[in-house]
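Work through these exercises with the sequence and the model side by side. Try each task before you read its solution.

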Amino acid sequence: MPLRADLLTAVFLVSIPVVALAWDGVDSGSGGAVEIEKGNLVRSGETIEVYDLEAQEYRSVDVQSIQRSGGSVEVEVYDNDSGEYRTFEMDD
């Protein structure tokens, strides 16, 4: 019967709802926290929404480049709302 218990445990774990998590980071220029929510395709040329915790609002940004740097990922974006380029240091 141990196999049956393992099967029931596996079915239970798969059925638990998964909370959508954000990709956390910091704006290199302001030092403010930013979040890229799950579901955004973070690739060069893509437009994504970023939540700026300092401004407490969503921002529409165009991804310019992505580079892995040590334990983080550097995402350079063009902020369509402010007309400025910004660099985010995202957790790896």
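**Exercise 1. Which residue in E3 is the bridge partner of Val34?**

Step 1. Find strand E2, residues 33-37. This is a predicted model.

Step 2. Go across to E3. The bridge partner of Val34 there is Asp52.

Step 3. Look at how the strands run. E2 and E3 pair in the antiparallel sense, over two bridges.

**Exercise 2. Which side chains along strand E3 point to the buried face, and which to the other?**

Step 1. Locate E3, residues 47-52.

Step 2. Follow the side chains one by one. They alternate between two faces.

Step 3. Sort them. Ile48, Val50 and Asp52 point to one face and are buried.

**Exercise 3. How many bridges pair E3 with E4, and what lies between the two strands?**

Step 1. Check one pair. Tyr51 stands opposite Tyr58 in E4.

Step 2. Inspect the link. The two strands form a hairpin with four residues between them. In the turn, Gln56 has a positive phi of about 55 degrees.

**Exercise 4. How do E5 and E6 pair?**

Step 1. Mark the strands. E5 covers residues 72-79 and E6 covers residues 84-91.

Step 2. Read the pairing. Eight bridges join E5 to E6, and the strands run antiparallel.

Step 3. Asp79 stands opposite Glu84 in E6. Val73 stands opposite Met90 in E6.

Step 4. Look at the hairpin. It has four residues between the strands, and Gly83 takes a positive phi near 75 degrees.

**Exercise 5. In what order do the strands close into a barrel?**

Step 1. List the elements. The protein has one helix and six strands. From the N terminus on, they run α-β-β-β-β-β-β.

Step 2. The six strands close in the order E1-E2-E3-E4-E5-E6, with antiparallel pairing. The twist averages 45 degrees from one strand to the next.

Step 3. Find the pairing of E1 with E6. Three bridges join E1, residues 22-27, to E6, and the two run antiparallel. Here Val26 has Glu89 in E6 as its bridge partner.

**Exercise 6. Is Arg59 buried or exposed, and which side chains make polar contacts with it?**

Step 1. Arg59 lies in strand E4.

Step 2. Apply the cut-off. Arg59 has 14% relative accessibility, so it counts as buried. The limit for buried is under 20%.

Step 3. Find the polar partners. The side chain of Arg59 makes a polar contact of 2.4 Å with that of Glu57. Another, of 3.2 Å, joins the side chains of Arg59 and Asp79.

Step 4. Look further along the chain. Beyond four places in sequence, Arg59 touches several residues, including Ile48, Val50, Asp81 and Arg86.

**Exercise 7. Which side chain makes a polar contact with Arg86?**

Step 1. Arg86 is in strand E6.

Step 2. At 12% relative accessibility, Arg86 counts as buried.

Step 3. Find the partner. A polar contact of 2.8 Å joins the side chains of Arg86 and Asp79. Asp79 also has a polar contact with the side chain of Arg59.

**Exercise 8. Why does Gln64 count as partly exposed?**

Step 1. Gln64 is in strand E4, residues 57-69.

Step 2. Compare with the cut-offs. Buried is under 20%, exposed is over 50%, and partly exposed lies in between. Gln64 has 37% relative accessibility, so it counts as partly exposed.

Step 3. Check a distance. Gln64 and Val75 are 11 residues apart in sequence and 7.6 Å apart in space, C-alpha to C-alpha.

Step 4. List contacts beyond four places in sequence. Gln64 meets Ser44, Glu76, Val77, Tyr78 and Tyr85.

**Exercise 9. Where does pLDDT stay under 50?**

Step 1. Start with the whole protein. The mean pLDDT is 85, and 78% of the residues reach 70 or more.

Step 2. Find the stretch. pLDDT stays under 50 over residues 10-19.

Step 3. Check its contacts. For residues 10-19 the model has zero contacts beyond four places in sequence.

Technical notes
Residues numbered from 1 in each chain as written. Predicted model: local features only at pLDDT ≥ 70, side-chain atom pairs only at ≥ 80, totals over all residues. Heavy atoms only, no water. Buried < 20%, exposed > 50% of the residue type's maximum accessible area, 1.4 Å probe, protein only. Contact = heavy atoms within 4.5 Å. Pairing = 2+ DSSP bridges. Axes fitted to C-alpha atoms, helices over the stretch in contact; angles between N-to-C directions. Polar contact = N/O pair within 3.5 Å; in protein donor to acceptor, adjacent residues only side chain to side chain. pLDDT = per-residue confidence, 0-100.
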